Amino acid sequence: AGSAGQYGIQCAVAVLLLSIFPAVVMKQVAILGSTGSIGCNTLRVIEAFKTEFSVAALGAGSQVELLAEQIEQFRPRVVSVSDDASADKLRYRLKAQ
């Protein structure tokens, strides 16, 4: 009888711990076209659910200023732009900070 009682207490403690510290698995998202209207709206949704999503990668055309702001806010591991000139502008913009 003692071991069954202990098992019940252990289960209650496990349920309590899970309710206090839920196991949240953060989903990583890559956004292509992040500076376009759909990309910007997607980032707004991610911001609203920042405990559930993180931005792993951003891809954009040539809107370097907006992309730099997105990089500052979401800190992706990977960033891509459409051409070398935009890459140079982005590097310069990010170094200026």
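Me: Which residues is Gln70 in contact with, leaving aside its neighbours within four places in sequence?

Reply: This is a predicted model: local features need pLDDT of at least 70, side-chain atom pairs count only at pLDDT 80 or more, and totals for chains, interfaces and linings use all residues. Residues are numbered from 1 along each chain as its sequence is written, while side-chain values use heavy atoms, with hydrogens and water left out. Contact means heavy atoms within 4.5 Å. With those sequence neighbours within four places set aside, the contacts of Gln70 are Ser34, Thr35, Cys40, Leu43, Leu58 and Arg75.

Me: Is Gln70 buried or exposed?

Reply: Gln70 is found in helix α3. Buried means under 20% relative accessible area, exposed over 50%, and partly exposed in between (1.4 Å probe, protein chains only). The relative accessible area of Gln70 is 5%, so this residue is buried.

Me: In what order do the elements of the protein chain run from the N terminus on?

Reply: Helices (H or I, at least four residues) and strands (E, at least two) are DSSP runs, numbered from the N terminus. The protein chain has four helices and three strands. From the N terminus on, they run α-β-α-β-α-β-α.

Me: What is the order of the strands in the open sheet?

Reply: Two strands pair if DSSP finds at least two bridges between them. Strand β1 (residues 27-32) and β2 pair in the parallel sense over six bridges. Three bridges join β2 to strand β3 (residues 78-80), again in parallel. The order in this open sheet is β1-β2-β3.

Me: Which strands stand at the edges?

Reply: Neighbouring strands of the sheet with the order β1-β2-β3 are turned by 30° against each other on average, direction ignored. Two strands have a single partner strand each, so one side of each is left without a neighbour in the sheet. The edge strands are β1 and β3.

Me: Why is strand β2 largely enclosed by the rest of the structure?

Reply: Strand β2 covers residues 53-59. The strand is largely enclosed because its buried residues number six of the seven.

Me: Which residue in β3 stands opposite Gly59?

Reply: Bridges can be read residue by residue. Ile31 stands opposite Leu58 in β2. In β3, Val78 is the bridge partner of Ala57. Opposite Gly59, β3 places Ser80.

Me: At what angle does α2 run to β1?

Reply: Axes are lines fitted to C-alpha atoms, for helices over the stretch in contact, and angles run from 0 to 180 degrees between N-to-C directions. α2 lies across β1 and β2. Its angle to β1 is about 165°.

Me: Where is Arg75 found?

Reply: Arg75 counts as exposed, with 60% relative accessibility. Its phi is near 50°, a positive value in a residue other than glycine. Arg75 belongs to the loop between α3 and β3.

Me: How many Å apart in space are Asp83 and Gly61, C-alpha to C-alpha?

Reply: Asp83 sits in the loop between β3 and α4. At 34% relative accessibility, Asp83 counts as partly exposed. Gly61 is 22 residues from Asp83 in sequence, and their C-alpha to C-alpha distance is 7.7 Å.

Me: What is the distance in space between Lys89 and Glu65, C-alpha to C-alpha?

Reply: Lys89 lies in helix α4 and counts as exposed at 54% relative accessibility. Glu65 is 24 residues away from Lys89 in sequence. C-alpha to C-alpha, the two are apart by 8.8 Å.
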